[in-house]
Amino acid sequence: MKNTWSLRNIILLTLISIICGIIFFATGFLYNAVSLALTPYGLAPLANDLLLGLWIMAAPLAGFIFKRPGAPLLAEVIGAIVEMFLGGQWGVETIISGIEQGIATELGFAATKYKHFDWLGVFATTISTTVITFIYDWFKSGYNAYSIHMLIILFIARFISIFIFGGVLSKLIANMLENSHVIK
């Protein structure tokens, strides 16, 4: 794990963050559609948890690619800023979420002492991001008002979404970039 950043890595991190920011912005529209579809069944809050994995992709992707402390947080915050400037519906609060999500992913890599960027790292970041973001939404989104049954559904949906998009998909993208020699 190097301590210095090359210009190439800074540019790559920025490009990944911008692309993820565009994905974050587009996910807002998908969130509205899913939330609308689930509302008649009383499951509108589930939309956030089903899609959260898309909103946190920048952090684990940067972690798996750059393998150094700070990369996940920086990528997630830059992605959140891009989403906000594109006109994301949550405005400045998007940056707060980006910080929280970036820190949550950093904690997963820190739990492995930044030594496991393999499937153990996928699992560690999935667990840390699921738990930290759920606690955040407990206060921010009023999850404390939901029944235990609903909380279990939300937590499981969040875990699966983060595992699929933030874990498996991010790891596979990082592997493809390494195999294509884009990353040195």
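Which residues do ring pairs link into a cluster? In this predicted model, the cluster is made up of Phe-64, Phe-109, Tyr-114 and Phe-117. Residues are numbered from 1 along each chain as its sequence is written, and side-chain values use heavy atoms, with hydrogens and water left out. Because the model is predicted, local features need pLDDT of at least 70 and side-chain atom pairs count only at pLDDT 80 or more, while totals for chains, interfaces and linings use all residues.

A search of the whole structure turns up 12 aromatic pairs (rings of Phe, Tyr and Trp, the last by its six-membered ring, with centres within 6.5 Å; planes under 30 degrees apart are stacked, over 60 edge-to-face, the rest tilted). Take Tyr-31 and Trp-90: their ring centres are 5.3 Å apart and their planes stand at 65°, so this pair is edge-to-face. Tyr-31 belongs to helix α1 (residues 7-38) and Trp-90 to the loop between α4 (71-85) and α5 (93-111), so the pair ties together parts 59 residues apart in sequence. (Helices, H or I of at least four residues, are DSSP runs numbered from the N terminus.) Trp-90 itself is partly exposed, at 31% relative accessibility (buried is under 20% relative accessible area, exposed over 50%, partly exposed in between, with a 1.4 Å probe and protein chains only).

Phe-159 and Phe-163 make a stacked pair, 6.3 Å centre to centre with 5° between the planes. Both sit in helix α7 (residues 148-179), four residues apart, or about one turn of the helix. Phe-159 is partly exposed at 25%, and Phe-163 is partly exposed at 33%.

Now for the pockets (on a 1 Å grid over the protein atoms alone, open sets of points where a 1.4 Å probe fits, with protein on both sides within 12 Å along at least five of seven lines; lining residues have an atom within 4 Å of a point). The largest pocket is lined by 26 residues, and Trp-90 turns up again here, among those nearest its centre along with Asn-48, Trp-55, Ser-97 and Lys-140. Helix α5 provides the largest share of that lining, six residues.

The second largest pocket has a lining that includes Leu-12, Ile-16, Cys-20, Met-57 and Ile-173. Here α1 gives the most, with six residues, and α1 and α7 each supply at least two.
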